[in-house]
Amino acid sequence: MSGTDDVTVIGHFVDGKRVSGGSPRRGDVFNPATGRRTGEVELASAADVAVAVEAAERAARTWRDASLAKRTAVLFAFRELVHARRDRLAEVITAEHGKVLADAAGEVQRGLEVIEYACGIPSALRGGFSENVSTEVDSYSLRQPLGVVAVISPFNFPVMVPLWFVPVAVACGNAVVLKPSEKDPSAALLLAEWFAEAGLPDGVLNVVNGDKEAVDALLDHPSVRAVSFVGSTPVARYVHQRGSMAGKRVQALGGAKNHMVVLPDADLGLAADAAVNAGFGSAGERCMAISALVAVEPVADALVAKIAERMSGLRTGDGRRGCDMGPLVTAAHADRVRSYVESGVAAGAVPVVDGREVTPDGESSGFWLGPTLFDRVTPDMSIYTDEIFGPVLGVVRVGSYDEAVELVNANPYGNGTAIFTNDGGAARRYQHEVEVGMVGINVPIPVPMAYYSFGGWKSSLFGDLHAHGEDGVRFFTRGKVVTSRWLDPRHGGVNLGFPTQT
């Protein structure tokens, strides 16, 4: 990186080092809390991407043969570096994304959990063995790396989402080309540097910053064997189609419209707390944010009042000042979310709390919109049908449990959902009947732990394998079955030394 007039030029990380100066196209990076331009990110061309892929190809040839002991040693060292420097990483997230420091620290922690899962890769890669499947014939299964894989990550989690994929991919023996969001690219470069410091060989992890040109280059490059993507549903569908047409394995995680169902027997105070936390954390810029609260009557009036009461104590402002909620990521995105608020009012929804009236604890030039609560939202309104990706929570009133389930299942998205109830039978029925990939019971944001897998259904996922956990290992490896017959061997020799891993 180099600075010009207090604006940092942000390049790429290729073959073990930072590189810059070769990309004539650049994009602006802002501090969302001030509205000031803080960086210029170089946008990679197809030629730039090809250089990174070539570096990954060279590295993959030797990294795939690195022992599991070597790979896990690198992962453990990387884990220690990220853990020791997590505050610095959180500060970088807040500076470019805008989420408050506590939320950024939580993001780093969830990424650390996947690193820790990847540290156990020897267990995850164990195959099976069957002796004497026929006379003196044995069969066994292996899982081997793919080669070069690409990761395309979104702006809302510049650390956590790359860490969903990269540690598992490299632990499995692959080389990676990561393309982070051009809106907040700096955290990915730090991760790449720290991986190198932990002992990851040059070229095993490369970072190219860019826009659609870089994405298309990764999707089209014949040496890229697989692509992991997180973003909006239209782009996820595009990535899956284009990557699949090029013969690649693709997991493309798309958008969401997450519903939280509140039954009449629920503890309304806890439900209100959960709705506020899940609806407005990270300014609603989460693919697991609750944006549609389904109140089963007769609790809607009381629940809305409790939510509004809790919202009155929220502080919106600069994430470095101990506020509850920060700004939106860009001015354009703030304008887009604000237009949805205006659309909701025009459509007849009741604005109980209007975020357009917020007085932020921060500079007026920041990209501000306060938490917004709508009541009496109907399924035909755009604030219900569209993924807003902002701090807008809409309450839909229904008359029964069955009506609530029908509403959730009719939605084209199927990422996450939650039910709040004290009725175990109702909860068990909901988890069975709802057509959603991740379900919370009295848990508003049911993001699985790293040893399970993250992913939705319907238009929230394109591909058949989810992120991290067992699905992540399966995605980044290919299965192979060996059938063998040997003459009875005779081995001899004496060695009293302690056996070691190499």
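In this predicted model, the end C-alpha atoms of residues 25–482 lie 50 Å apart, and the span is 41% helix and 22% strand. The UniProt record, an unreviewed entry, annotates residues 25–482 as "domain: Aldehyde dehydrogenase".

In soluble globular proteins, nonpolar side chains tend to be buried together. The largest nonpolar core here has 72 residues, of which Phe78, Val82, Leu89, Trp164 and Phe195 touch the most other members. Helix α6 (residues 160–171) supplies the largest share of this core, 10 residues. At least three residues of the core come from each of domain 1 (8–254 + 460–481) and domain 2 (258–441). Apart from this core lies another, of 60 residues, including Ala275, Met325, Tyr340 and Val392.

Which residues does Trp164 touch, if those up to four places away in sequence are not counted? The contacts of Trp164 are Val114, Val230, Leu253, Phe454, Ala467 and His468. Trp164 counts as buried because its relative accessibility is 3%, a value under the 20% limit for buried residues.

**Aromatic rings**

A pair of aromatic rings is described by the distance of the centres and the angle of the planes. The whole structure contains nine aromatic pairs, and two of them are set out below.

| Pair | Centre to centre | Angle between planes | Arrangement |
|---|---|---|---|
| Trp164 and Phe165 | 6.2 Å | 80° | edge-to-face |
| Tyr451 and Tyr452 | 5.8 Å | 50° | tilted |

Phe165 has a relative accessible area of 0% and is therefore buried. Tyr451 and Tyr452, by contrast, are both exposed. Trp164 and Phe165 also belong to one aromatic cluster with Phe454. Elsewhere, Arg249 lies over the face of Phe475, 6.0 Å from the ring centre.

**Backbone features in loops**

The peptide bond from Glu297 to Pro298 is cis, with omega near 20°. Pro298 is placed in the loop between β15 (290–296) and α11 (300–311).

Two residues other than glycine have positive phi values: Glu136, near 55°, and Asn442, about 60°. Glu136 is found in the loop between β7 (129–134) and β8 (137–145), while Asn442 is in the loop between β21 (438–441) and β22 (457–458).

Is Glu136 buried or exposed? Glu136 is exposed because its relative accessible area is 55%, and the limit for exposed residues is over 50%. Asn442, with a relative accessible area of 38%, is therefore partly exposed.

Terms used: Residues are numbered from 1 along each chain as its sequence is written. This is a predicted model: local features need pLDDT of at least 70, side-chain atom pairs count only at pLDDT 80 or more; totals for chains, interfaces and linings use all residues. Side-chain values use heavy atoms; hydrogens and water are left out. A nonpolar core is a set of buried Ala, Val, Leu, Ile, Met, Phe, Trp, Tyr and Cys residues joined through side-chain atoms within 4.5 Å. Buried means under 20% relative accessible area, exposed over 50%, partly exposed in between (1.4 Å probe, protein chains only). Helices (H or I, at least four residues) and strands (E, at least two) are DSSP runs, numbered from the N terminus. Domain bounds come from an automatic or database domain assignment. Contact means heavy atoms within 4.5 Å. Rings of Phe, Tyr and Trp (its six-membered ring) pair if their centres lie within 6.5 Å; planes under 30 degrees apart count as stacked, over 60 as edge-to-face and the rest as tilted. A charge sits over a ring if NZ of Lys or CZ of Arg is within 6 Å of the ring centre and within 35 degrees of the ring normal. UniProt positions are given in the numbering used here, feature names are shortened, and annotations may be inferred rather than shown by experiment.
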